[in-house]
Amino acid sequence: MRVVPATVIVGLQWGDEGKGKTTDFLAEQVAMVVRYQGGDNAGHTVVSGDEVFKLHLVPSGVLYPHITSVIGSGVVVNPATLISELDMLTERGIDTGRVRVSTAAHVIMPYHVALDRAMENRLGDGKVGTTGRGIGPAYADRAWRVGLRMEDLLDGALCRAKLAGILPDKNLLLASHNGSHTFGVEELVDQAVAWGDRLRPHFADATWLVQDALRRGDHVLLEGAQGTLLDLDHGSYPFVTSSNPIAGGACTGGGIGPLQVDEVIGVMKAYSTRVGSGPYPTELTDAIGQGIASRGNEVGTTTGRPRRVGWFDAVPLRYAVAVNSVSSIMLNKLDILSGIDPIRMCVSYEIGGRRVEAWPSSATVLGGATPIYEEFAGWSEPINAVRSLGDLPENARRYVTALEEHAGVPIVLVSVGPERMQTIERAWRPMRHRPAPPTPAAAEVTR
Ligand code: IMP
């Protein structure tokens with residue numbers, strides 16, 4: 001497979017599509033991997049030989065000695081998580097000398113974590129179901145211009161001045177949530193300075209790092225966390241994360257312009273999963289769903305929560321291809337569907353008595369959507385050893401073809417097992433694709 005200089009990898013569903021495997025699969029050909037948004041709410045599981053690595057912040061390219069792994073300015077960084085991940089990798093013999101973190105990335109402070117959890121508690125049944133990692137409060141402070149950036153950790157006096165200004169408000173808010181712990185300036189300054197000392201060798205101006213790599217003609221992979229349907233602007237708000245996982249987020253969070261992106265690889269699973277609250281039209285709560293969850297090991301990497309599981313939904317797929325300008329797709333976990341007969345795929349919704357083809361991002365509208373399914377005959381044989389599309393059972397090929405038709409772009413990689421080699425690679429030329437807009441009738445209903 002040929003990878004062009006700036007390639008974005010983006011999740012087309014609600015996260016957990018297996019983007020770590022995609023990055024890992026392409027990593028041999030790239031010089032730099034950049035995480036562009038999110039924080040330690042993400043979890044990448046990468047299987048390398050007999051070893052399993054679970055990473056939350058450090059891009060999965062770190063497993064390759066030739067790759068510079070960059071945490072871009074669009075990421076919110078919990079320094080404690082980053083330090084423990086770097087230590088874990090070092091202990092397991094992985095060189096972390098090429099890990100760089102943007103000095104402009106914002107810091108997740110302990111009060112962000114406390115506020116995230118306290119606010120979720122207060123929401124009760126209406127909670128978002130966050131990962132409790134302080135993501136929302138940290139991004140909120142960034143937008144409010146009262147956040148600490150990584151560069152601030154190198155300046156104790158500056159941290160003290162900033163924290164003295166912010167903490168009274170944070171403590172007041174925390175005190176309003178019964179029994180919450182409050183924070184003192186000096187304990188946090190000590191903590192911040194210790195983090196700065198430890199992470200100093202990894203600090204960089206990530207924007208220039210990426211720009212210089214592109215100027216040299218190096219292949220740069222921009223790796224999104226979470227997925228399109230959790231996007232702050234384009235997901236089903238408020239059941240979303242607080243950043244922009246879509247490909248456009250790679251520009252803001254990675255420091256590149258739209259015309260520098262050559263290829264957008266969308267990643268999706270052969271079925272769907274979702275963690276946390278929010279409408280989920282194709283959710284399966286029966287034995288089929290439980291079977292998929294257990295065979296697919298659908299447990300949150302970060303929180304250990306069981307993921308909700310459902311049939312594949314082609315309605316948000318068409319939306320995700322459009323908003324990300326996806327040019328090719330990696331389909332993961334096709335093997336998990338072996339033995340299910342029939343397999344269903346949602347192709348449109350019925351909303352208010354009308355058939356709707358265009359995904360309504362409004363959580364209220366989506367909550368009233370009834371899926372319209374197409375049925376596919378299943379296949380019973382295991383497919384983990386298959387390495388070419390032609391060797392898949394005919395019914396599996398039909399299913400992949402249907403997915404491709406809905407996407408309107410080629411599926412170039414099909415994963416049939418967790419290991420790097422358990423992947424079907426198709427002949428592939430990068431193509432620029434402009435998806436057709438939704439039909440006017442469909443768009444009308446969702447307004
Ligand atoms: P937050 O990002 O922790 O604020 O959580 C907001 C929503 O995004 C919740 O529904 C989480 O379950 C979901 N979420 C955040 N990160 C991930 C992820 O990596 N995979 C799947 N869902 C996620």
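**Ligand site.** I began with Asn41: an N or O atom in its side chain sits 2.9 Å from a ligand oxygen atom. I count a polar contact when a pair of N or O atoms is within 3.5 Å. I then looked at Thr241, where a polar side-chain atom lies 2.6 Å from an oxygen atom of the ligand. For Gln226, I read 3.2 Å between a side-chain N or O atom and a nitrogen atom of the ligand. The protein covers 96% of the 470 Å² of accessible area that the ligand has on its own (Shrake-Rupley method, 1.4 Å probe).

**Basis.** I am working with a predicted model, where local features need pLDDT of at least 70, side-chain atom pairs count only at pLDDT 80 or more, and totals for chains, interfaces and linings use all residues. Residues are numbered from 1 along each chain as its sequence is written, and side-chain values use heavy atoms, with hydrogens and water left out.

**Aromatic pairs.** I paired rings of Phe, Tyr and Trp (its six-membered ring) with centres within 6.5 Å; planes under 30 degrees apart are stacked, over 60 edge-to-face, the rest tilted. The count is five aromatic pairs. Tyr111 and Phe183 are edge-to-face, at 6.4 Å centre to centre and 70° between the planes. I found both Tyr111 and Phe183 buried (under 20% relative accessible area, 1.4 Å probe, protein chains only). Next, I checked Phe376 and Tyr399: their ring centres are 5.6 Å apart and their planes at 85°, so this pair is edge-to-face. Both Phe376 and Tyr399 are buried. Phe376, Trp379 and Tyr399 form one aromatic cluster.

Note on methods:
A polar contact is a pair of N or O atoms within 3.5 Å; within protein, one must be able to donate a hydrogen and the other to accept it, and residues adjacent in sequence count only if both atoms are side-chain atoms. Buried means under 20% relative accessible area, exposed over 50%, partly exposed in between (1.4 Å probe, protein chains only).
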